Amino acid sequence: MNPRTSILAASLLLALMSSGTALPQDTQSPKQDMKDAGQSIKVAARDIGRATKKTAKQTEHKVTHETKKAVNTSAKKTRQTAKKVEDKTNTK
């Protein structure tokens, strides 16, 4: 066997052996799976909390705006009605 083929064979064998150990494992332990699931639930709960807070603020703003609008409209109508009553009672 000549030295060139033996070096080639040795390097090929070394490459095959080292590639087998360099591959990452695809499976996780059940403990790590539970930790990952817990983190996912934590993030989801945080997102839901933020969305709920945002929606509550928007709803509060809309309710406040509509309430003020209703009060102002009611006051305007009250003034108009009072003016009508005053005009009717003040006969010349």
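Student: What percentage of the accessible surface belongs to carbon and sulfur atoms?

Tutor: This is a predicted model, in which local features need pLDDT of at least 70 and side-chain atom pairs count only at pLDDT 80 or more, while totals for chains, interfaces and linings use all residues. Residues are numbered from 1 along each chain as its sequence is written, and side-chain values use heavy atoms, with hydrogens and water left out. Accessible areas come from the Shrake-Rupley method with a 1.4 Å probe, and for residues only the protein chains shown count as cover. The accessible surface of the protein is about 8,900 Å², and the share of carbon and sulfur atoms is 62%.

Student: What share of the residues is buried?

Tutor: A residue is buried under 20% relative accessible area, exposed over 50%, and partly exposed in between (1.4 Å probe, protein chains only). Of the 92 residues in the protein, the buried share is 0%.

Student: How many helices does the secondary structure contain?

Tutor: Helices (H or I, at least four residues) and strands (E, at least two) are DSSP runs, numbered from the N terminus. The protein has zero strands, and its helices number two.

Student: Which residue forms a salt bridge with Glu66?

Tutor: A salt bridge is a side-chain nitrogen of Lys or Arg within 4 Å of a carboxyl oxygen of Asp or Glu; the structure holds two. With the closest N and O atoms 3.9 Å apart, the partner of Glu66 is Lys69.

Student: How far apart are the closest N and O atoms of Asp87 and Lys83?

Tutor: Asp87 and Lys83 are four residues apart in helix H2, and therefore about one helical turn separates them. Asp87 is partly exposed, with a relative accessible area of 47%. In the salt bridge between Asp87 and Lys83, the closest N and O atoms are apart by 4.0 Å.

Student: Is Lys88 buried or exposed?

Tutor: Lys88 is placed in helix H2. Its relative accessibility is 68%, so Lys88 counts as exposed.
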